[in-house]
Amino acid sequence: MGCGGEGRAARLPIKAAGKGVVPTTHASRAPAPGTADDHGLAASNLGRGPAPALATPGLCSHTQPEEPTPGGLLQDSRAWVEVDEGAIIHNTRLLRRRIGPHVKLMAVVKANGYGHGDGTTAKAARTGGADAFAVASLAEAVGLRHQGLQEPILVLGHLSLVDEAHACLRWRLLPTISTLDQARLFHTVASRSGACLPVHVNLDTGMARLGVPWQEGAALIQAILRLEGLRVEGIYSHLAAADAVDPGLTQQQQQRFDQVLAALTNGHPPRFCRHLANSAAAMTDSGLHYDMVRVGLALYGHASAEHLEGRLPLRPAMAVRARVTILKTVPAGTGVSYDHRYHTQRPSRLAVVAIGYADGVPRLLSGRMGVLHGGRWLPQVGSITMDQVMIDATDHPQLHTGAVVTLLGKDGAASISPRQWSRTCGTIPWDILCGFSSRLPRLRAGHSTGHGGQSAVS
Ligand SMILES: Cc1ncc(COP(=O)(O)O)c(C=O)c1O
């Protein structure tokens, strides 16, 4: 099977779950944007001294610019994503318990850990018992290495360049193989370097995306196994509808997967790390677990479908919060935001909140969402703009300038979930979580108030 032939079951070079893990410690990048007392900017980080001036002078200014604003101070104060590492650890432990000690757990941390910060997520998942990581791109994989993650990393996306093959060797990354041409190229690069590159072959059993077509799977994988510069460490497939109520498609994919594996192993014990399950399959059907599961969404605290909610007591890891910057009272009949799609029905108190669609709040939610403050829900009104949204605070006189409102996540007993947003927008929770832009700093969740004591996370 390449690399001088591998005897028995191929093993991921993975250390025992949860062992030898150093708890994450992050230096705080910027002062916490909120404190337990969220009485406005003046009372929190910006209140520790005179109001900082912007580094850029006015257009017509002839004065010297002030000292630059300390890193991220103003930006971090307007809106942020809060990440609860404890929730990720908890969710990973639940999944680990569900799959048992003999199945490996690969944490899918692509797309910046589904928006939570990939390093943070990976380290928390490792603490919870993850054995390996999966990402979409080489850059994401190298990024994890730079953040000190030493565990196996599978690159799920397609790599096909000589430089990419070299990078896999250099950074000890596991590329996904989907075609024979790609396998030959990686074999050539590895052989010329005097190396043997472990790879995982993706088998397309019904996703029609990446992967060797299952009909030709056995023959193609046999050919790949003959390439001496490669060692086929894993064979995997991806389920197209593991969260569907009807298991028909999943059963069909599994049959195809088994058929190819049977042709390859010919009755002998499997020599590969076989993996098929995503979160939904990992949570529901142990028959889909094989040697490893690749879990994404569940790590972050969300079930893949409504009918799977409650199967495991997952804890959402993300909250999105922003500050009220301005409050204004307007007469009845006032048009609000672009195109005046909303008019006040009564004299109203409007709050401007410093987060918008450029931060990842879908514009499709305009007039169909709300925010939480003091455990109460306040409606958003008018079109969501690039950087700001307007809230009707008429019935909530407690809301003050500088107050922190919650767009997603918990506030007291109330909460708003990515699923609620995704339902309104006609999309899926994955899309919502990944949609928060880099303009929002990712901060470690604070104390039990959920509003204070955050520090920056990677
Ligand atoms: C190949 C592959 N495996 C596993 C996953 C994880 O899926 P989930 O987030 O549903 O657990 C993904 C996510 O997109 C994926 O593309």
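## Contacts and the overall chain

Two residues are in contact if their C-beta atoms, placed from the backbone, lie within 7 Å. Keep that cut-off in mind for what follows. The model is predicted.

The protein chain has 13 helices and 20 strands. It runs to 458 residues, and 48% of them are buried. Now take the contacts between residues at least 6 apart in sequence. Of these, 67% join residues at least 24 apart.

## Two buried loop residues

Start with alanine 305. This residue sits in the loop between β10 (292–295) and β11 (318–330). Alanine 305 counts as buried because it has 20 C-beta neighbours inside 10 Å. Which residues does alanine 305 contact, leaving aside its neighbours within four places in sequence? They are Asp243 and Ala280. Arginine 419 is 114 residues away from alanine 305 in sequence, yet their C-alpha atoms are 8.8 Å apart in space.

Now turn to aspartate 243. Its place is the loop between β8 (230–236) and α10 (248–265). Aspartate 243 also has 20 C-beta neighbours inside 10 Å, so it counts as buried. Neighbours within four places in sequence aside, aspartate 243 touches Ala280, Ser304, Ala305 and Leu308. Histidine 307 lies 64 residues from aspartate 243 in sequence, but 8.5 Å from it in space, C-alpha to C-alpha.

## Helix α6: one buried face

Helix α6 covers residues 138–146. Which of its residues are buried? Leu138, Glu140, Ala141 and Leu144 are. Look down the axis of α6: the buried residues fall within an arc of 165°, so they line one face of the helix. An α-helix has 3.6 residues a turn, so residues three or four places apart point the same way.

On the other side of α6, Ala139 and His146 are exposed. The buried residues pack against several elements. These are the helices α4 (110–114), α5 (118–128) and α7, and the strands β3 (132–135), β4 (153–158) and β5 (173–177). Just after α6 comes glycine 148, with a positive phi of about 90°.

## Helix α7 and its two partners

Two packed helices are described by the angle between their axes and the distance between the axes. Take α6 and α7 in those terms. Their axes come within 11 Å and cross at roughly 20°. Angles under 35 degrees count as roughly parallel, and that makes α6 roughly parallel to α7. The crossing is left-handed. Leu138, Ala141, Val142 and Arg145 in α6 meet Glu164, Ala167 and Trp171 in α7. By class, this contact has five nonpolar, no polar and two charged residues.

Helix α7 (residues 162–171) also packs with helix α8 (residues 180–192). Here the angle is about 55°, and the axes are 9 Å apart. That makes α7 oblique to α8. The crossing of α7 past α8 is right-handed. From α7 come Val162, Ala165, His166 and Leu169, which meet Leu185, Phe186, Val189 and Ala190 in α8. The contact of α7 with α8 has seven nonpolar, one polar and no charged residues.

## Helices α3 and α5

How do α3 and α5 cross? The axes of helix α3 (residues 85–99) and α5 come within 7 Å, at an angle of roughly 45°. That makes α3 oblique to α5. The crossing of α3 past α5 is right-handed.

On the α3 side, the residues are Glu85, Ile88, Ile89, Thr92, Arg93 and Arg96. They meet Thr120, Thr121, Ala124, Ala125, Thr127 and Gly128 in α5. By class, the contact has four nonpolar, five polar and three charged residues.

Alanine 111 lies in helix α4. Its phi is near 50°, a positive value in a residue other than glycine. Is alanine 111 buried, exposed or partly exposed? It has 18 other C-beta atoms within 10 Å, so it is partly exposed.

Aspartate 339 is in the loop between β12 (335–336) and β13 (342–343). Here phi is near 65°, again a positive value in a residue other than glycine. With 9 C-beta neighbours inside 10 Å, aspartate 339 counts as exposed.

Notes:
Residues numbered from 1 in each chain as written. Predicted model: local features only at pLDDT ≥ 70, side-chain atom pairs only at ≥ 80, totals over all residues. Axes fitted to C-alpha atoms, helices over the stretch in contact; angles between N-to-C directions. Helix = DSSP H or I, 4+ residues; strand = E, 2+ residues; numbered from the N terminus. Parallel < 35°, antiparallel > 145°, perpendicular 65-115°, else oblique. Left-handed = near helix turned anticlockwise from the far one by under 90°. Nonpolar A, V, L, I, M, F, W, Y, C, P; charged D, E, K, R; others polar. Buried ≥ 20, exposed ≤ 12 C-beta atoms within 10 Å, placed from the backbone. Arc of directions from axis to C-beta.
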